[in-house]
Amino acid sequence: SQGRPAAAGVEDAFAHVLEGESCEAISRLWDLMFRVSKPFGTPGIASLAISAVDLALWDLAGKVQDRPVYELLGGPARDRIFCYATGNDVDWYKELGFRAFKLACRHGPADGLEGLEKNEEHVAQARQVIGAEAELMLDCYMALTVPYTIRLAKALEEHKLNVKWIEEFLPPDDYSGYAEVRRALLGNVSILT
């Protein structure tokens with residue numbers, strides 16, 4: 001989806017600062033791309049392009065040094081990591097051995113109260129399949145509003161569905177919206193507490 005525009009960003013905006021440079025100068029090249037992107041804006045496609053180049057550079061540096069990338073990053077930090085399956089096929093994910101699940105939110109504000117209830121039912125059904133001990137999250141991909149998010153979160157809590165988090169319920173730059181949801185759900189709690 002964003003692959004072609006990001007590739008064009010690499011070719012049109014970043015290639016001239018990358019060509020001839022050492023693939024192992026990853027931090028320096030990231031900084032150069034970041035600075036070059038400032039006139040046209042770093043967020044969005046430029047950020048995706050920078051990320052793509054950054055990943056490719058780490059991969060290439062690993063190949064050049066004949067070492068896995070995790071070693072280049074300082075070696076293993078832990079023996080196990082938290083991971084989860086994303087999607088709505090929780091039966092299959094559970095069968096595969098996952099113990100944490102992130103559902104796609106199927107309905108949004110345009111679906112009204114009926115959609116809100118269907119989201120609750122969807123989460124409740126997943127909770128029933130995965131059990132009380134599994135982690136459960138909800139991904140809304142920027143499709144909700146502040147009032148809808150508050151209602152949904154309160155409904156999920158009221159039904160004791162034990163949802164660990166609701167992800168991307170608003171666009172990432174809606175700072176005031178996130179603050180309003182936080183106040184409504186948590187009160188005026190300091191982020192440092």
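Helix H7 passes helix H8 in a right-handed crossing. Handedness works like this: a crossing is left-handed if the near helix is turned anticlockwise from the far one by less than a right angle, and right-handed if clockwise. Before I go on, this is a predicted model, in which local features need pLDDT of at least 70 and side-chain atom pairs count only at pLDDT 80 or more, while totals for chains, interfaces and linings use all residues. Residues are numbered from 1 along each chain as its sequence is written, and side-chain values use heavy atoms, with hydrogens and water left out.

Names next. Helices (H or I, at least four residues) and strands (E, at least two) are DSSP runs, numbered from the N terminus.

Back to H7 and H8. H8 covers residues 175–186, and the two axes come within 10 Å and cross at roughly 30°. Axes here are lines fitted to C-alpha atoms, for helices over the stretch in contact, and angles run from 0 to 180 degrees between N-to-C directions. Who touches whom? H7 brings Val146, Thr149, Ile150, Ala153 and Lys154. H8 brings Gly177, Glu180, Val181, Ala184 and Leu185. Contact means heavy atoms within 4.5 Å.

Look at H8 by itself. Its 12 residues should span 16 Å at 1.5 Å a residue, and its end C-alpha atoms are 16 Å apart, which agrees. The expected span is 1.5 Å times one less than the number of residues.

Now the first helices. H2 is residues 26–37 and H3 is residues 45–65; their axes come within 10 Å and cross at roughly 165°. H2 and H3 are therefore roughly antiparallel to each other. The cut-offs: under 35 degrees is roughly parallel, over 145 roughly antiparallel, 65 to 115 roughly perpendicular, and the rest oblique. The crossing of H2 and H3 is right-handed. From H2, the contact uses Ile26, Leu29, Trp30, Met33, Phe34 and Ser37. From H3, it uses Ala46, Ile50, Val53, Asp54, Leu57, Trp58 and Ala61.

H1, residues 3–18, also meets H2: the axes come within 10 Å and cross at roughly 140°. That makes H1 oblique to H2. This crossing, of H1 and H2, is right-handed.

Buried means under 20% relative accessible area, exposed over 50%, and partly exposed in between, with a 1.4 Å probe and protein chains only. Set aside neighbours within four places in sequence, and Phe34 is in contact with Thr42 and Ile50. Phe34 and Glu117 sit 83 residues apart in sequence and 44 Å apart in space, C-alpha to C-alpha.

H3 next. With 21 residues, H3 reaches 30 Å from first C-alpha to last, close to the 30 Å expected at 1.5 Å a residue. Its buried residues are Ala46, Ala49, Ile50, Val53, Leu57, Ala61 and Gly62. Their cover includes H1, H2 and helix H4 (69–72). Just after H3, Asp66 takes a positive phi of about 55°.

On to H6, residues 112–130. Its 19 residues reach 27 Å from first C-alpha to last, close to the 27 Å expected. Which residues of H6 are buried? Gly115, Leu116, Asn119, Glu120, His122, Val123, Ala126, Arg127 and Ile130. They cover an arc of only 155° around the axis, which puts them on the same side of H6. That arc is taken from the directions from the helix axis to the C-beta atoms. One general point: an α-helix has 3.6 residues a turn, so residues three or four places apart point the same way. On the other side of H6, Leu113 and Gln128 are exposed. The cover over the buried residues includes H5 (90–95), strand S2 (100–104), strand S3 (135–139) and H7 (146–158). Just after H6, Gly131 has a positive phi of about 90°.

Last, two loop residues. Met142 is in the loop between S3 and H7. Its phi is near 60°, positive in a residue other than glycine. Met142 is partly exposed, at 30% relative accessible area. Glu168 is in the loop between strand S4 (166–167) and H8. Phi of Glu168 is near 50°, again positive in a residue other than glycine. Glu168 is partly exposed too, at 32%.
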